[in-house]
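Here is a friendly walk through some side-chain contacts and strand pairings. Keep the structure open beside the text as you read.

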Amino acid sequence: MADDYLVRIGKLIRDARQHRGWTQSQLAEALGTSQSAVNRIERGNQNISLEMIARIGEALDSEIVSLGYAGPMHLRVVGGRRLSGAIDVKTSKNACVALLCGSLLNKGRTVLRRVARIEEVYRLLEVLHSIGVRTRWINDGVDLEIVPPAEFDMDAIDAEAAVRTRSIILFLGPLLHRMDRFKLPYAGGCDLGTRTIEPHMIALRRFGLDVAATEGQYHAVVDRAVRPGRPIVLTERGDTVTENALLAAARHDGVTVIRNASSNYMVQDLCFFLEALGVRVEGIGTTTLTVHGVPVIDVDVDYSPSEDPVEAMSLLAAAVVTESELTVRRVPIEFLEIELAVLEEMGLDHDRTPEYFADNGRTRLVDLTVRPSKLEAPIDKIHPMPFPGLNIDNVPFFAAIAASAQGKTLIHDWVYDNRAIYLTDLNRLGGRLQLLDPHRVLVEGPTRWRAAEMMCPPALRPAVVVLLAMMAAEGTSVLRNVYVINRGYEDLAERLNSIGAQIEIFRDI
């Protein structure tokens, strides 16, 4: 029995190490021991003390290897500090999860470069592992290799991991080509109110997919005789809806026209990836996509997703609210032009380098330098629109920016049912935000931010907005239970610390 526990503990340690992207030698160095000792521990061939388990858990910053329940992660923020220097934008979270789901189309080996190491990706990897997909971090944990099985074991799917991510909905498009019947857990993710999957169903029914939702699962049945005979018109120009239609069309033996498609950044990255798989896609960057499907995809592919415009916006907002001079490098400018036009109207002092290409060879990047500016509230309201309009996910950052500007700004977040409500959490930090209805917030600035202790909002972007305000507030603030931030940002606290912030990660004892 003791040997069995050692094997189980060793497997937990190995999985946690691989999630962090460390080699056995790197873990050994952090513990002050040898690589051979770590190897014996992971194989269950060495007795291990409670103290060593605790040290390993601390080194790996893992809730998997812990004594009892490690508890949620919190942030302690010493605010009022100026940021300086330069910081690179990471690869797109939303593109990475779409590409992970897109890898299910391929019978060959897929390598994705510089994958975002975030909780959303980890949850999807847990789901992929459970159905038989082999994945491993390579090149010192920077890149991700994905090798599918001959057949997916959908009965073994990790439902607990699946319900913690809305991205699981993107399994529908690829899987309808691989099996006639399968089940998926309900999609989860941020608490943003009711979000129907009916637009997905309207598109995917054209490929023969019928889904019944019962007992917390989607029960999918595929009729192979059904084929899209005319253009598919999406009833919602949504990103994931467009991605699901693309994934379904990619292995449809014929030409599929998708109208009212999103042309947003993650959709374009998925199109570029499909082209690397041998699928021809016409109209990339427009609202009409023509997909020349390939019935069998079996290639070894290597693809580099582009940088995340929403992370770029959050870093720009950090500079604005802390009144700092900061250079944000590798900004995907095509997807931030409207935001920057609004900020220029408000008085933002900034400049940018000439454009250059991302590693995918297609997405245009620049380096942006932002300087302290005297901002005025914009004349028009801030509201999102499908690309090329102001990005839906960038709207919350304007709440903190508007709070730093002179005057009143109306923010109309019409897409989500609950998200605008969470923006009023800024009031606990000295903000003056008035909720007019579930979608509209009136922000009055400028703000004298003050420190506070509070729970993290359950939605990703408002949670980061609260963190940015804490960075601007004199004194020490505490933001509790920041799992939602880790869903969308890789090592955000450490990266902000590298440019002058003072943020400490801690857990309750």
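Predicted model: local features only at pLDDT ≥ 70, side-chain atom pairs only at ≥ 80, totals over all residues.

At 8% relative accessibility, Glu145 counts as buried. The side chain of Glu145 meets that of Arg109 in a salt bridge, with 2.4 Å from N to O. Glu145 belongs to strand β5 (residues 143–147), while Arg109 sits in the loop between α5 (93–102) and β3 (110–112). The two residues are 36 apart, and the pair links distant parts of the chain.

## Other salt bridges

Side chains of opposite charge can pair when their charged atoms come close. How many salt bridges does a search of the whole structure find? The search gives 32.

One of them joins the side chains of Arg224 and Asp180, at 2.9 Å from N to O. Arg224 is in the loop between β8 (217–222) and β9 (232–233), and Asp180 is in the loop between α8 (172–175) and β6 (181–185), so this bridge ties together parts that lie 44 residues apart in sequence. Arg224 is partly exposed, with a relative accessible area of 42%, and Asp180 is also partly exposed, at 44%.

Next come Arg432 and Glu444, whose side chains form a salt bridge of 3.5 Å, N to O. Arg432 lies in strand β19 (residues 432–437) and Glu444 in strand β20 (residues 440–445), so the pair connects parts that are 12 residues apart in sequence. Arg432 is partly exposed at 39% relative accessibility, as is Glu444 at 31%. Elsewhere, salt bridges with shared partners join Arg114, Glu307, Arg330 and Asp359 into one network.

The side chain of Arg123 makes a polar contact of 2.8 Å with that of Glu126. Another polar contact, of 3.0 Å, joins the side chains of Arg123 and Tyr483. Setting aside neighbours within four places in sequence, Arg123 is in contact with Ala161, Arg164, Thr165 and Tyr483.

## Aromatic pairs and charges over rings

The count of aromatic pairs comes to three. In one of these, the ring centres of Phe273 and Tyr303 are 5.9 Å apart and the planes meet at 65°, so the arrangement is edge-to-face. Phe273 lies in helix α11 (residues 265–276) and Tyr303 in strand β13 (residues 301–303), so the pair ties together parts that are 30 residues apart in sequence. Both Phe273 and Tyr303 are buried.

Phe335 and Phe387 form a tilted aromatic pair, at 4.9 Å centre to centre with 40° between the planes. Phe335 is in the loop between β14 (326–332) and α13 (337–346), and Phe387 is in the loop between β17 (364–371) and α14 (395–403), so the pair bridges parts 52 residues apart in sequence.

Arg76 lies over the face of Phe506, 4.0 Å from the ring centre. The charged end of Arg117 sits over the ring of Trp137, at 3.8 Å from its centre.

## Covered elements and strand pairing

Helix α14 is mostly covered, with nine of its nine residues buried. Among them are Val395, Phe397, Phe398 and Ile401.

Strand β12 (residues 288–292) has four of its five residues buried, so the rest of the structure largely encloses it. Strand β10 (residues 255–259) pairs with β12 in the antiparallel sense over five bridges, and here Ile258 stands opposite Leu289. Strand β11 (residues 280–282) also runs antiparallel to β12, and three bridges join these two strands. In that pairing, Glu282 stands opposite Thr290. What do β11 and β12 form together? They form a hairpin with five residues between them, and Gly283 in the turn has a positive phi of about 90°.

Definitions and conventions
Residues numbered from 1 in each chain as written. Heavy atoms only, no water. Salt bridge = Lys/Arg side-chain N within 4 Å of Asp/Glu carboxyl O. Buried < 20%, exposed > 50% of the residue type's maximum accessible area, 1.4 Å probe, protein only. Polar contact = N/O pair within 3.5 Å; in protein donor to acceptor, adjacent residues only side chain to side chain. Contact = heavy atoms within 4.5 Å. Phe/Tyr/Trp six-rings, centres within 6.5 Å; stacked < 30°, edge-to-face > 60°. Lys NZ or Arg CZ within 6 Å of the ring centre and 35° of its normal. Pairing = 2+ DSSP bridges.
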